[in-house]
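Visitor: Hi, could you walk me through this one? I'd like to start with the sheet and then look at the packing.

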Amino acid sequence: SLLDSMERKIILPIYGIGGIGKTTFAKLIYNNFESYSRAWVYVSSKFDLNEIGNSIISQLSKKESLIYDRKQIHSCLMKLLSDKKVLIVLDDLWEENPFQLEDLKDMLNLGESINRIVLVTTCNKPIAKKLCTNHKPYKIESLSDDMCWDIIKQRSGFEFRYDKGHLEGIGKEISKKCGGIAFAARSLGFMLQSKTTDQWMEVKDSDIWNNSISNVLASLK
(Lines give C-alpha, C1' and ligand atoms only; values in the text may rest on other atoms or scores of the structure.)
Protein backbone atom coordinates (compact mmCIF):
# COMPACT_ATOMS: atom_id res chain seq x y z
CA SER A 1 0.00 0.00 0.00
CA LEU A 2 0.98 3.66 -0.30
CA LEU A 3 1.24 4.01 3.47
CA ASP A 4 3.57 1.02 3.73
CA SER A 5 5.85 2.15 0.91
CA MET A 6 9.43 2.94 1.90
CA GLU A 7 9.83 5.34 -1.03
CA ARG A 8 9.81 9.05 -0.22
CA LYS A 9 8.36 10.19 -3.53
CA ILE A 10 5.54 8.45 -5.36
CA ILE A 11 3.65 9.54 -8.47
CA LEU A 12 0.68 7.24 -9.01
CA PRO A 13 -1.48 7.86 -12.10
CA ILE A 14 -5.01 6.46 -11.91
CA TYR A 15 -6.66 5.99 -15.31
CA GLY A 16 -9.85 4.67 -16.86
CA ILE A 17 -12.75 5.74 -19.05
CA GLY A 18 -14.86 8.76 -18.11
CA GLY A 19 -17.35 8.14 -15.32
CA ILE A 20 -15.66 4.93 -14.16
CA GLY A 21 -14.92 6.29 -10.66
CA LYS A 22 -11.35 7.62 -10.77
CA THR A 23 -12.13 10.76 -8.76
CA THR A 24 -14.19 8.79 -6.24
CA PHE A 25 -11.29 6.37 -5.77
CA ALA A 26 -8.83 9.26 -5.34
CA LYS A 27 -11.15 10.84 -2.73
CA LEU A 28 -11.19 7.61 -0.72
CA ILE A 29 -7.38 7.66 -0.64
CA TYR A 30 -7.31 11.39 0.11
CA ASN A 31 -9.67 11.00 3.07
CA ASN A 32 -7.48 8.26 4.54
CA PHE A 33 -4.37 10.45 4.66
CA GLU A 34 -5.51 12.85 7.35
CA SER A 35 -2.06 12.94 8.97
CA TYR A 36 -0.56 14.31 5.73
CA SER A 37 -0.52 17.89 4.47
CA ARG A 38 -2.96 17.65 1.57
CA ALA A 39 -3.90 19.57 -1.58
CA TRP A 40 -6.48 18.77 -4.26
CA VAL A 41 -6.18 20.47 -7.66
CA TYR A 42 -8.82 20.08 -10.38
CA VAL A 43 -6.80 20.43 -13.59
CA SER A 44 -9.21 19.61 -16.47
CA SER A 45 -8.40 20.68 -20.06
CA LYS A 46 -6.78 23.97 -19.07
CA PHE A 47 -3.25 23.02 -18.09
CA ASP A 48 -1.37 25.87 -16.39
CA LEU A 49 1.65 24.93 -14.28
CA ASN A 50 1.63 28.25 -12.45
CA GLU A 51 -2.03 27.82 -11.51
CA ILE A 52 -1.37 24.28 -10.31
CA GLY A 53 1.61 25.39 -8.22
CA ASN A 54 -0.20 28.37 -6.73
CA SER A 55 -3.24 26.25 -5.90
CA ILE A 56 -1.07 23.77 -3.99
CA ILE A 57 0.71 26.60 -2.12
CA SER A 58 -2.60 28.31 -1.26
CA GLN A 59 -4.15 25.12 0.11
CA LEU A 60 -1.13 24.14 2.18
CA SER A 61 -0.30 27.62 3.50
CA LYS A 62 -3.96 28.68 3.96
CA LYS A 63 -3.06 31.93 2.20
CA GLU A 64 -3.71 33.04 -1.37
CA SER A 65 -0.67 32.60 -3.60
CA LEU A 66 -0.10 34.55 -6.84
CA ILE A 67 3.45 33.71 -7.92
CA TYR A 68 4.21 33.96 -11.63
CA ASP A 69 7.77 32.67 -11.70
CA ARG A 70 8.19 28.90 -11.92
CA LYS A 71 11.44 28.85 -9.95
CA GLN A 72 9.84 30.88 -7.15
CA ILE A 73 6.90 28.47 -7.05
CA HIS A 74 9.28 25.53 -6.75
CA SER A 75 11.30 27.30 -4.05
CA CYS A 76 8.15 28.20 -2.11
CA LEU A 77 6.90 24.60 -2.26
CA MET A 78 10.22 23.30 -0.97
CA LYS A 79 10.25 25.73 1.99
CA LEU A 80 6.58 25.17 2.76
CA LEU A 81 6.81 21.38 2.72
CA SER A 82 10.27 20.80 4.18
CA ASP A 83 10.34 17.67 6.38
CA LYS A 84 6.60 17.11 5.93
CA LYS A 85 4.46 14.29 4.62
CA VAL A 86 2.43 15.51 1.66
CA LEU A 87 -0.40 14.15 -0.48
CA ILE A 88 -1.25 16.03 -3.68
CA VAL A 89 -4.11 15.03 -6.00
CA LEU A 90 -4.15 16.32 -9.58
CA ASP A 91 -7.65 15.46 -10.74
CA ASP A 92 -8.72 15.10 -14.38
CA LEU A 93 -5.45 15.73 -16.22
CA TRP A 94 -5.67 15.97 -20.02
CA GLU A 95 -2.30 17.47 -21.00
CA GLU A 96 -0.46 15.15 -23.43
CA ASN A 97 2.60 17.27 -24.23
CA PRO A 98 5.56 15.29 -22.83
CA PHE A 99 7.57 18.48 -22.18
CA GLN A 100 4.72 19.96 -20.14
CA LEU A 101 4.40 16.72 -18.18
CA GLU A 102 8.15 16.69 -17.48
CA ASP A 103 7.88 20.30 -16.27
CA LEU A 104 5.08 19.20 -13.96
CA LYS A 105 7.22 16.41 -12.52
CA ASP A 106 10.14 18.84 -12.12
CA MET A 107 7.91 21.30 -10.24
CA LEU A 108 6.85 18.54 -7.86
CA ASN A 109 10.42 17.26 -7.40
CA LEU A 110 10.86 18.75 -3.95
CA GLY A 111 13.94 17.01 -2.62
CA GLU A 112 14.55 13.93 -0.54
CA SER A 113 13.51 15.46 2.79
CA ILE A 114 9.86 15.62 1.73
CA ASN A 115 7.78 12.45 1.87
CA ARG A 116 5.24 13.06 -0.86
CA ILE A 117 2.59 11.15 -2.77
CA VAL A 118 1.11 12.58 -5.96
CA LEU A 119 -2.08 10.99 -7.31
CA VAL A 120 -3.07 11.89 -10.87
CA THR A 121 -6.44 10.95 -12.37
CA THR A 122 -6.75 10.84 -16.16
CA CYS A 123 -8.82 9.19 -18.89
CA ASN A 124 -5.72 8.86 -21.03
CA LYS A 125 -3.51 5.76 -20.64
CA PRO A 126 -0.52 7.29 -22.53
CA ILE A 127 -0.57 10.27 -20.13
CA ALA A 128 -0.58 7.87 -17.19
CA LYS A 129 2.43 6.03 -18.62
CA LYS A 130 4.36 9.25 -19.19
CA LEU A 131 3.78 10.41 -15.62
CA CYS A 132 4.56 7.24 -13.71
CA THR A 133 8.02 6.89 -12.22
CA ASN A 134 8.37 4.24 -9.54
CA HIS A 135 4.84 2.80 -9.67
CA LYS A 136 2.84 1.40 -12.58
CA PRO A 137 -0.35 3.32 -13.45
CA TYR A 138 -3.45 1.96 -11.73
CA LYS A 139 -6.37 1.17 -14.04
CA ILE A 140 -9.92 1.43 -12.72
CA GLU A 141 -11.74 -1.54 -14.21
CA SER A 142 -15.37 -1.52 -15.32
CA LEU A 143 -18.03 -2.67 -12.85
CA SER A 144 -19.96 -5.88 -13.36
CA ASP A 145 -23.65 -5.70 -14.33
CA ASP A 146 -24.55 -6.89 -10.82
CA MET A 147 -22.54 -4.08 -9.25
CA CYS A 148 -24.29 -1.54 -11.50
CA TRP A 149 -27.62 -3.02 -10.45
CA ASP A 150 -26.66 -2.66 -6.79
CA ILE A 151 -25.92 1.04 -7.37
CA ILE A 152 -29.20 1.56 -9.21
CA LYS A 153 -31.11 -0.16 -6.41
CA GLN A 154 -29.45 1.98 -3.77
CA ARG A 155 -29.92 5.29 -5.60
CA SER A 156 -33.49 4.59 -6.70
CA GLY A 157 -34.79 3.49 -3.28
CA PHE A 158 -35.67 0.14 -4.86
CA GLU A 159 -35.97 -1.79 -1.58
CA PHE A 160 -38.70 0.57 -0.32
CA ARG A 161 -40.92 0.33 -3.39
CA TYR A 162 -44.16 -1.61 -3.30
CA ASP A 163 -43.69 -2.64 -6.95
CA LYS A 164 -40.11 -3.90 -6.65
CA GLY A 165 -41.17 -7.42 -7.64
CA HIS A 166 -42.15 -6.10 -11.08
CA LEU A 167 -39.13 -3.81 -11.35
CA GLU A 168 -36.29 -6.22 -10.61
CA GLY A 169 -36.11 -7.86 -14.03
CA ILE A 170 -36.44 -4.50 -15.79
CA GLY A 171 -33.79 -2.96 -13.54
CA LYS A 172 -31.30 -5.73 -14.22
CA GLU A 173 -31.72 -5.17 -17.96
CA ILE A 174 -31.15 -1.44 -17.47
CA SER A 175 -28.00 -2.17 -15.45
CA LYS A 176 -26.54 -4.02 -18.45
CA LYS A 177 -26.75 -0.79 -20.44
CA CYS A 178 -24.48 1.08 -18.01
CA GLY A 179 -21.39 -0.41 -19.62
CA GLY A 180 -19.82 -1.00 -16.21
CA ILE A 181 -19.66 2.75 -15.54
CA ALA A 182 -20.51 3.83 -11.99
CA PHE A 183 -21.54 7.35 -13.00
CA ALA A 184 -24.08 5.98 -15.48
CA ALA A 185 -25.55 3.69 -12.81
CA ARG A 186 -25.77 6.52 -10.25
CA SER A 187 -27.42 8.88 -12.75
CA LEU A 188 -29.98 6.27 -13.76
CA GLY A 189 -30.68 5.34 -10.15
CA PHE A 190 -31.49 8.92 -9.16
CA MET A 191 -33.69 9.37 -12.23
CA LEU A 192 -35.60 6.10 -11.73
CA GLN A 193 -36.44 6.97 -8.13
CA SER A 194 -39.54 8.91 -9.17
CA LYS A 195 -40.57 6.73 -12.13
CA THR A 196 -43.42 4.25 -12.46
CA THR A 197 -43.05 0.66 -13.63
CA ASP A 198 -44.08 1.67 -17.15
CA GLN A 199 -41.49 4.44 -17.15
CA TRP A 200 -38.77 2.01 -16.04
CA MET A 201 -39.77 -0.10 -19.04
CA GLU A 202 -39.54 2.96 -21.31
CA VAL A 203 -36.01 3.61 -20.08
CA LYS A 204 -35.02 0.00 -20.74
CA ASP A 205 -36.42 0.06 -24.29
CA SER A 206 -35.33 3.60 -25.21
CA ASP A 207 -33.62 4.23 -28.55
CA ILE A 208 -31.17 6.54 -26.74
CA TRP A 209 -29.01 3.53 -25.86
CA ASN A 210 -28.51 2.80 -29.57
CA ASN A 211 -27.96 6.38 -30.73
CA SER A 212 -25.51 7.72 -28.11
CA ILE A 213 -21.76 7.43 -28.41
CA SER A 214 -21.30 6.43 -24.77
CA ASN A 215 -23.21 4.87 -21.88
CA VAL A 216 -22.58 7.95 -19.75
CA LEU A 217 -24.07 10.25 -22.38
CA ALA A 218 -27.04 7.94 -22.85
CA SER A 219 -27.74 7.81 -19.10
CA LEU A 220 -27.61 11.62 -18.86
CA LYS A 221 -29.97 11.99 -21.83
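**The sheet and what packs on it**

Guide: Happy to. Five strands form an open sheet in the order β2-β3-β4-β1-β5, with parallel pairing; two strands pair if DSSP finds at least two bridges between them. Helices (H or I, at least four residues) and strands (E, at least two) are DSSP runs, numbered from the N terminus. This is a predicted model, where local features need pLDDT of at least 70 and side-chain atom pairs count only at pLDDT 80 or more, while totals for chains, interfaces and linings use all residues. Residues are numbered from 1 along each chain as its sequence is written, and side-chain values use heavy atoms, with hydrogens and water left out.

Visitor: Why is β1 largely enclosed?

Guide: Because six of its seven residues are buried, the rest of the structure largely encloses β1. Buried means under 20% relative accessible area, exposed over 50%, and partly exposed in between (1.4 Å probe, protein chains only).

Visitor: Switching to the nonpolar core, which residues touch the most other members?

Guide: In the largest core, of 35 residues, they are Leu 87, Ile 117, Leu 119, Ile 152, Ile 174, Cys 178 and Trp 200. A nonpolar core is a set of buried Ala, Val, Leu, Ile, Met, Phe, Trp, Tyr and Cys residues joined through side-chain atoms within 4.5 Å.

Visitor: Which element gives the largest share?

Guide: That's α8, with five residues. There is also a second, separate core of 27 residues, including Ile 11 and Leu 93.

Visitor: Last topic: at what angle do α3 and α4 pack?

Guide: About 35°, with the axes of α3 (70-81) and α4 (98-107) 10 Å apart. Axes are lines fitted to C-alpha atoms, for helices over the stretch in contact, and angles run from 0 to 180 degrees between N-to-C directions.

Visitor: Which residues make the contact?

Guide: Arg 70, Ile 73, His 74 and Leu 77 come from α3, and Asp 103, Asp 106 and Met 107 from α4. Contact means heavy atoms within 4.5 Å.
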